[in-house]
Amino acid sequence: MTYIGQFFMGIITAMLVENVLFTRALGVSPLLLVVNKSKNFFLFGGIITVITTVSSVLTWAAFQPLKRFGYRYLFEPLILVLLLGALYFAAYYFLSRAKGERAVLIKNALPYSVFNCAVVGSMLLLVHNRMSLLSSVVFGIGSGLGFLLAGFFVNEGQRRMQQADVPAAFRGLPITLLYIGILSLAFYGLTGRILAV
Amino acid sequence: MDIQTIRRYKRNYSLLSGILSNNPILMQGLVLAPAVVASTTLKNGLALCICAFVVFLPTLFVVSFIKGKNQIPHFLRMFFYALLSSVFFIPAAFLTKAVFPSSVDMLGIYMPLLVVNTIVIARAEAVAVRSRPLVAVGDAFFHMIGFAVPVLLAAGIREYFSSGTLYGVLIDLNSRNLTQVNLPFVGFILFGLMAAGAQLISQKATPAYRKWVNKRIILKASAESTAEQQSRNSEER
């Protein structure tokens, strides 16, 4: 029971306290590209959650022998891209065999949801923080769900801002960035931290 | 109207648009993750820019050779761009570590993140796969300047307010040391304000540039027509 409790606490921590978007700014650019279409966005977020979960196990396993390699930081992205590439090709192969509209939709969204900052950034964090296998998986699930949550907030914010009277210079990207900034400050406060004055 | 002149102005405009009207960070919202979090001091910002230059320019140069019959299938492209960038990241990280050893540790995960950034995909798909290598590199260069200017500006502002220094040199002795400006939310708000400024300038500057181009073309066309008339007159005589 304690393990289940810790598991869910870990996921909630990764979702809220260490939110991918609001506390680390990972995946802002891909989010801004897809967030306007809410249907596509939930598909995108769902794929990212699955990818971060599976790749967290793969990344943990791949970086175990490289723990003491001095020049690891030079090759980290290359190893990660190759790992994610293998995962991408496996998923693409299975999806091209499957039939139906949904499989085609997922197949089209797959390249953008595998090779983006949210996935690669989470995996790099996992490697840099030297997490254990279980905490890697929990972090992977939490990161994906955190991205979905952040996307939901930004989507809702953008929908409301479309109806508001925003000055011409602020329309579009600037107001969204300010909105994300204020939400990021709110998440900073949510964890109980106070700004020193 | 001289079609050659119009084409030349259009080409120059699209090349230079990376700096302002098509700025990768402020107008398109690309490469935001490293820009928002890592631009905390001028040294970090400069390290990020050097790394980005060494990763992006060669990647887009190589991509510009692959076109026509050799075109890569659509599902392979993203993987190919990421793989190419991660190969060029090795010398880039080596160079950055040699120039700014402490900044590489401070940038942490945000330097390796450059390999999967949206700017490579955006510029590769928009320009590099359909242009000559020199044009692709020129386009990438101006977009990189468009990336470097806001990053360095934000880095300077944040360094000044957090420690009262600029590039490690003490400027303000009475600085209040607002260390919280290094948090991501300040980065978001700063880039949001800069994006609004860029949008405002671009909204004013683009029509002015078009007007100037039209004026130049009309002047040139009228000069050509008078020269033609003069030559015709002299032939008649």
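Predicted model: local features only at pLDDT ≥ 70, side-chain atom pairs only at ≥ 80, totals over all residues.
Q: Which residues of helix α6 (residues 118-126) of chain B are buried?
A: Residues are numbered from 1 along each chain as its sequence is written, while chains are lettered from A and ligands numbered from 1 in the order in which they are written. A residue is buried if 20 or more other C-beta atoms, placed from the backbone, lie within 10 Å of its own, exposed if 12 or fewer do, and partly exposed in between. In α6(B), the buried residues are B:Thr118, B:Ile119, B:Val120, B:Ile121, B:Arg123 and B:Ala124.

Q: Which elements do the buried residues of α6(B) pack against?
A: Helices here are DSSP runs of H or I with at least four residues, strands are runs of E with at least two, and both are numbered from the N terminus. The partners of these buried residues come from both chains. They are α2 of chain A and, in chain B, α3, α4 and α7 (133-163).

Q: How many helices and strands does chain A have?
A: Let's read chain A along its sequence: the pattern is α-α-α-α-α-α-α-α. The count for chain A is therefore 8 helices and 0 strands.

Q: Why is chain A said to be as compact as a globular protein of its length?
A: The comparison uses the radius of gyration, taken over C-alpha atoms, and the globule rule, which is 2.2 Å times the number of residues to the power 0.38. For the 197 residues of chain A the rule gives 16 Å. Chain A counts as compact because its own radius of gyration is close to that, at 18 Å.

Q: Why is chain B described as more spread out than a compact globule?
A: Chain B has 8 helices and 2 strands, in the order α-α-α-α-α-α-α-β-β-α. Its C-alpha trace spans about 80 × 50 × 30 Å along the principal axes. For its 237 residues the globule rule gives 18 Å, and chain B counts as spread out because its radius of gyration is well over that, at 22 Å.

Q: Which element gives the largest share of the side of chain B that touches chain A?
A: Two residues are in contact if their C-beta atoms, placed from the backbone, lie within 7 Å. By that test, 40 residues of chain B meet 42 residues of chain A. Two or more residues on chain B's side come from each of α2 (32-38), α4 (74-99) and α8 (184-236). With 12 residues, the largest share comes from α8(B).

Q: How many residues on that side of chain B are nonpolar, polar and charged?
A: Ala, Val, Leu, Ile, Met, Phe, Trp, Tyr, Cys and Pro count as nonpolar, Asp, Glu, Lys and Arg as charged, and the others, Gly among them, as polar. Sorted this way, the side of chain B that touches chain A has 30 nonpolar residues, 10 polar and no charged.

Q: Which residues does A:Leu177 touch, not counting residues up to four places away in sequence?
A: A:Leu177 sits in helix α8 (residues 173-190) of chain A. A:Leu177 is buried, with 28 other C-beta atoms within 10 Å. The residues that A:Leu177 touches are in chain B: B:Phe188, B:Phe191, B:Gly192 and B:Ala195.

Q: Is B:Val31 buried or exposed?
A: B:Val31 belongs to the loop between α1 (3-16) and α2 of chain B. Its phi is near 50°, a positive value in a residue other than glycine. Because 27 other C-beta atoms lie within 10 Å, B:Val31 is buried.
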